[in-house]
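Please look through the sequence and the model below before reading on.

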Amino acid sequence: MTCHGSRWLLLFSLLVVAAALGLALLPPGSAARSAACAAPVGWLRIAGENGESIPANEVLARAAAADVVLLGEQHDDEDHHRWQLQVLAGLHALRPQMVVGFEMFPRRVQPVLDRWVAGELSAPALLAQTGWEEIWNFPAAFYLPLFEFVRINRLPMLALNVDARLTRAISDKGWDAVAESEREGVGRAAPASSAYRDFLFSVYREHAHGHGGRDSRGFRHFVEAQLNWDRAMAEALAVRLASGQGDGRPPLVVGVIGSGHLRHGHGVPHQLRALGVGRVVTLLPLAFAEACREMQPGLADALFVLPSKPALAVPPPRLGVQLEDIAGASAVRVQAVTAGSLAEKSGLMAGDRLLEVAGRPAGKAAAVIALVRAAAPGTWLPLRVGRGDTTLDIVVRLPPE
């Protein structure tokens with residue numbers, strides 16, 4: 001991999017993190033406002049600089065009357081997925097004709113999702129045939145209750161995403177340089193709003209290490225990759241909505257999508273409006289500890305503040321890396337290294353290949369994550385790493401309890 005490719009792989013990975021975790025730019029004064037804010041648990045709508053409680057039946061009734069409902073999430077927060085399941089059940093009771101789309105799946109696995117809904121596959125078969133460990137490095141256990149809900153109710157299940165290779169290609173060389181035959185049918189995205197570009201530039205500027213400003217080719221490609229990602233999901237939702245128009249009232253189309261693609265009407269909602277879909281409702285979950293800091297006018301149509309819960313006495317170790325499986329190899333590539341993480345302190349770098357973890361072959365990213373989380377606090381975790389043509393032995397010192 002060239003230095004140019006490594007740099008773009010790092011930038012792309014950081015944008016994945018920003019979208020997945022729902023990171024947002026906070027306006028000046030947010031910290032001061034947090035001190036005066038008191039966010040109750042449950043449904044809220046933003047009123048001025050604070051939120052006011054709103055009955056669940058009012059939120060659900062409004063959402064059930066829409067064309068498209070977008071449910072945000074932080075991918076690694078199990079409570080976000082429990083909340084999504086609760087909302088799906090409420091919407092289904094009001095409007096049984098539903099379609100549920102998932103960002104987690106690229107379009108190429110749609111036939112597998114159809115077989116799952118038809119009752120032809122077990123849960124392990126669904127995960128194996130969609131290549132879950134390769135396409136989505138988050139615990140399947142968080143998502144299976146959602147998948148089971150659509151199966152039990154025989155609701156069409158929609159793959160919203162495109163292959164990650166397309167997103168990486170656009171981030172590397174730009175949308176125009178990608179052959180039309182390789183775009184998976186996705187059309188040109190509507191331009192980003194200035195506010196969305198500001199957010200994307202904040203990510204780019206922090207991690208591009210001086211490789212260009214707002215007018216640079218690099219940043220332009222970076223924006224194009226994100227817009228194509230948003231557009232792909234919006235088109236999948238819009239096409240499914242239109243396909244139900246001819247036989248009476250169309251189904252309610254629900255999208256389960258990372259919050260970073262939804263906040264402030266940017267991303268997917270913006271692309272849906274450009275496609276002529278006007279009745280879109282966006283609902284987002286927020287952690288209680290973050291609610292006051294995150295609440296901003298226009299963030300979403302309604303918010304759900306989740307109650308606090310006790311943290312694990314000893315959280316499992318985390319290296320602080322984004323990983324990618326390498327096709328045909330028993331190794332895992334490090335896509336990005338989080339600043340200040342154990343990985344950075346130990347000398348891991350973006351582009352490294354993990355060959356062994358604690359003396360065992362790395363194999364797949366999911367296996368690496370499991371080995372790291374199983375390690376005891378306060379111990380040493382040996383890694384065998386490939387860097388270019390060199391093999392290195394790196395030892396990570398895990399923090400004590």
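**Contacts, helix packing and aromatic pairs**

Leaving aside its neighbours within four places in sequence, Glu235 is in contact (heavy atoms within 4.5 Å) with Arg107, Gly185, Val186, Gly187 and Leu275. This is a predicted model, in which local features need pLDDT of at least 70 and side-chain atom pairs count only at pLDDT 80 or more, while totals for chains, interfaces and linings use all residues. Residues are numbered from 1 along each chain as its sequence is written, and side-chain values use heavy atoms, with hydrogens and water left out. Glu235 has its place in helix α11, residues 217–243, where helices (H or I, at least four residues) and strands (E, at least two) are DSSP runs numbered from the N terminus. With a relative accessible area of 13%, Glu235 is buried, a term that means under 20% relative accessible area, whereas exposed means over 50% and partly exposed lies in between (1.4 Å probe, protein chains only).

Turning to the helices, α4 (residues 78–94) packs with α8 (residues 140–152) at an angle of about 15°, their axes being 8 Å apart; the axes are lines fitted to C-alpha atoms over the stretch in contact, and angles run from 0 to 180 degrees between N-to-C directions. That makes α4 roughly parallel to α8, since angles under 35 degrees count as roughly parallel, over 145 as roughly antiparallel, 65 to 115 as roughly perpendicular and the rest as oblique. On the α4 side the contact is made by Glu78, His81, Gln84, Leu85, Leu88, Ala89 and His92, and on the α8 side by Phe142, Tyr143, Pro145, Leu146 and Phe149.

The aromatic rings come next. The structure holds 11 aromatic pairs, in which rings of Phe, Tyr and Trp (its six-membered ring) have centres within 6.5 Å, with planes under 30 degrees apart counting as stacked, over 60 as edge-to-face and the rest as tilted. The ring centres of Trp43 and Phe304 are 5.2 Å apart and their planes stand at 80°, so this pair is edge-to-face. Because Trp43 lies in strand β1 (residues 42–47) and Phe304 in strand β8 (residues 302–306), the pair ties together parts that are 261 residues apart in sequence. Both Trp43 and Phe304 are buried. Trp136 and Phe138 form a tilted pair, at 5.6 Å centre to centre and with 50° between the planes; here Trp136 is buried, with a relative accessible area of 9%, while Phe138 counts as partly exposed at 21% relative accessibility. Ring pairs also link Phe102, Phe105, Trp132, Tyr143 and Phe147 into a cluster.
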